[in-house]
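Open the model in your viewer and keep the selection panel at hand.

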Amino acid sequence: MFTQLPLIILLLPLLAFILLIFFGKRLPRQGDWLATGLMTLTLFLSLILLVVKLGTQPAETISSSFNWAIVGSQVIGFGIMIDNLAAVMLVVVTLVSTLVHYFSMGYMKDDTRYSRYFAYLGLFSFSMLGIVLTNNILLMYVFWELVGVSSYLLIGHWYEKKTASNAANKAFIVNRIGDFGMFVGIMILFLSYSTFAFEAIFESISAGQLPFGSEGWLTAAGILIFCGAIGKSAQFPLHVWLPDAMEGPTPVSALIHAATMVAAGVYLVARVFPMLTADALLVIAYIGAITALIAATIAITQFDIKKVLAYSTISQLGYMIMALGVGAYTAGFMHLVTHAAFKAGLFLGAGSVIYGMHAALHKLHNHHTDAQDIRNMGGLKSKMPLTYWTFLIFTLAISGIPLTSGFLSKDEILAGTLAFSTLNGHWLLPLTGFLVAGLTAFYMFRLLILTFHGKPANDQVYSGVSESPKVMTIPLIILAGLSLFFFYSFNPFGATSGWFYGAIERPESMVPLILQPAAYPVFYEAVSSVHTLAMILSIIIAGGGVVFALAVYHWKKVSADALAKRAGLLYTGSVNKWYFDEFYDAAFVNGTHGLMKMLRWFDENIIDGIVNGSALITKVLSRISGWIDNNVVDGLVNGTATTANKAGGLLSHVQTGKVQTYLVYVIFSFLVLFVLFL
Amino acid sequence: MELLLAQSVIEPGLTHFLVVSAILFSLGVMAVLSRRNTIMVLMGVELILNSANINFIAFSRFTELSLDGQMIALFVIIIAAAEAAVALAIVLNVYNRFKTINLDDISLLKG
Amino acid sequence: MELTTILFYLFSLITLGAAAFMVFSKNIVHSAFALMFALIGVAALYVLLYADFLAATQLLVYVGGILILILFGVMLTSLGYTFNFKTVTVNLAPASLLSATAAVLLIFAFVTTDWKISEIAEPTDTVYDLGMLLMGDYILPFIVAGVLLLIAIIGAILMSTHLSAENREGV
């Protein structure tokens, strides 16, 4: 049951990918029914797995593996591990993926590479499920990179657009920076424990073995592995790829940038949580807090509907990472799950809006108006009622208004940070948390009001907009249902009594006692003592954000422009995304250019000088020797003369472009080495 | 005279095979370095691969290497087959493009 | 003098003679046929080294496959073949110098090294043992080699179909 079923779940999307990539064009309707059907089947199997797991073996970790490769004395296993974390994550991934499949059948209807698109969705789901199911960090790295590749393919789906192909490259390269750190971390662990399996590594650590016998290395390994999460989960300072990745099709944004790929980083941190030291966790918490704050401040001033959602995603991911860092493990993971539902809904809702706008603009043959700019929208509420109402529920959820799922998880995170600060005195973390909660409520309602309320910006366009087809609105309704509290806990004001808190428990820390974060009972007590305070504060702050947004954009009591002027530098900074891209451009791209120029100068003036000089000398020498040879007429000497002449000729233009001349050098150097080392 | 012959024509041992492979190797190198025709160069490469194979199998016959040597030789043959197929496809492409397969006429990289 | 000794010298002579003829022949078709004899000679040497399966593989893959490929290559690209030897070669002097040096150095190294010889019993049949190894210790390289061959096939086909497409444009 727990060995075959996960394998089937893992392999079904791969099957969809293989079938579609080879036969997609020949299948009726380009095979979308096949991909969607297989994905739906995967979803049902995952649901069965989750229910059976929670019903029969709620506390077990079931792991099975077989030997994959034997390199010398090292055995590299290939295994599957099912615990409650993996089972829940499986359902999240397959659910969002299935809904995105359905939505795409409407959104991508007339795309030129329709079957290719569904094939890539299958590949992406396969690699994502691989990350979730594996019991082995090397294999996780392999799937991690597969996710990178398939997200590259999906972001660059419209590769005719220069911005899209650039965005795909950027996402891939920026991710690679983080992955490099992750790989170094994996290698540190492997060198110390000669295994890749999570459980074996944790066992060795809890047995008191430290990498290279030092505690610093353990912290370093934890932070290096977290680097992978920084890349994939778009944390500061590698968050720059995610907003650009909005160039991909909108359902892809919902899949990749809401529920799965970016959540992989959070999942990774949750997976390796037992081996993280208190120092590493503190770094993780602060990175999360900085990310949440930076992204929230940028989101306030953006006008592209998808960009706002992109920055809000980064900000919410920062929340999750911060929650894991302070030890609010369950809260962080729960926010991942709830966020997956409502953010996927927000992206799909935005997709529905863009689809409507696009169709209206297309009818008017208006190709210069941006279908994604919220300044061109307004008043869409009456035109797209279903989209509006679901969007409203998602907005309430992300803002943390009671009775929604977002309230439950966000509330627990804030209580966690507050408890952490009472234990350790890091008061900046809860402060950032509450500030970001207010900012989130503000910018999400700004988006909602500017898009759906008020007067239409362009009446002609407005009259052409209509509600999206059913295949697009039904996923929205399902996700809206999942954004309500009762799916996670029957008590709308506390998640701790729900099934989720029962299923996902914070794992024991395996690191030596002095390096451990505050033990769970201590932490739990601190959380319950501040929980009510955190809840009241979060309601007040979120409510304040909503009211302020209404005041500025709906009732127009406060002028947005005047506010912007008042904020001055802060406003320009936010509009320009705090100049991260410009900074990276100046520091790394121009830096590389500069280095290149320097090297080129060196090459042209010094190396070429030496080469030309030696060539000249050799030429002169060979002339002289040639002259001598001509006069001393002797066959044998003539031969040496030509050899010398040829050698001179070779040196004067080393680059002959002739392969065999190069080969002569190679063999010659080989023989020299042979003599030297014999 | 008979004694001399008997001494030089002794039972072939490891060294004998290695010497054969050394000469085969140098002939292959000669072909690779000196022939203008790309296909001749490829044939030289095959000779070099064969000489390496003789070494592997000779060692597997006379030393502790045993069957592992034959195994490696088998993989060398597999790779040689793949190499020949791809290399000849490249040669055909080069011929189509430059209308020659003389290696020294194809010198786009000339500095 | 035993039969194997005679056979060894005979086949070494065939191999080296054919290889030398291949290298120094003016006519590329002659070279290809000389290569065939050299490869058959090498196969015979394998038999003398108790590697019967490899000898068969050598004949099948090299003589039956690679050599045919090379002949195809010759036929598809040949531009007539009446050159004198000088015109078909480049950097003759360094090449002969280097290959002679290589031969001398290698023979010197092989002869002077004190090899640890361990006589093995004459195996009756290597195929079974090779098969066991291939499916046991060498399973991963075996699979990788299969993938490599697949890639090589696809690559070769892709390159040659590209070729024919270009030709069609030309016509």
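This is a predicted model. Select helix α4 (residues 67-98) of chain B together with helix α3 (residues 52-77) of chain C. The two pack at an angle of about 10°, and their axes are 10 Å apart. An angle under 35 degrees counts as roughly parallel, so α4(B) is roughly parallel to α3(C).

Now show the side chains at this contact. On α4(B), pick Gln70(B), Ala73(B), Leu74(B), Ile77(B), Ala80(B), Ala81(B), Ala84(B), Ala85(B), Leu88(B), Val91(B), Leu92(B) and Tyr95(B). On α3(C), the partners include Leu54(C), Val61(C), Gly65(C), Ile66(C), Leu69(C), Gly73(C) and Leu76(C). Colour the contact by class: it has 16 nonpolar residues, six polar ones and no charged ones.

While the helices are on screen, recall a general point. An α-helix has 3.6 residues a turn, so residues three or four places apart point the same way.

Next, hide chain C and display chain B as a cartoon. Chain B has four helices and zero strands. Its pattern along the sequence is α-α-α-α. Of its 111 residues, 54% count as buried. Among contacts in chain B with a separation of 6 or more, 44% join residues 24 or more positions apart.

Last stop: select helix α3 (residues 38-62) of chain B. How many of the 25 residues of α3(B) are buried? The count is 22, so the helix is mostly covered. Then check its length between the end C-alpha atoms, which are 36 Å apart. That agrees with the 36 Å that 25 residues should span at 1.5 Å a residue.

Notes: Residues numbered from 1 in each chain as written. Chains lettered and ligands numbered in written order. Predicted model: local features only at pLDDT ≥ 70, side-chain atom pairs only at ≥ 80, totals over all residues. Axes fitted to C-alpha atoms, helices over the stretch in contact; angles between N-to-C directions. Parallel < 35°, antiparallel > 145°, perpendicular 65-115°, else oblique. Contact = placed C-beta atoms within 7 Å. Nonpolar A, V, L, I, M, F, W, Y, C, P; charged D, E, K, R; others polar. Buried ≥ 20, exposed ≤ 12 C-beta atoms within 10 Å, placed from the backbone. Expected span 1.5 Å × (residues − 1).
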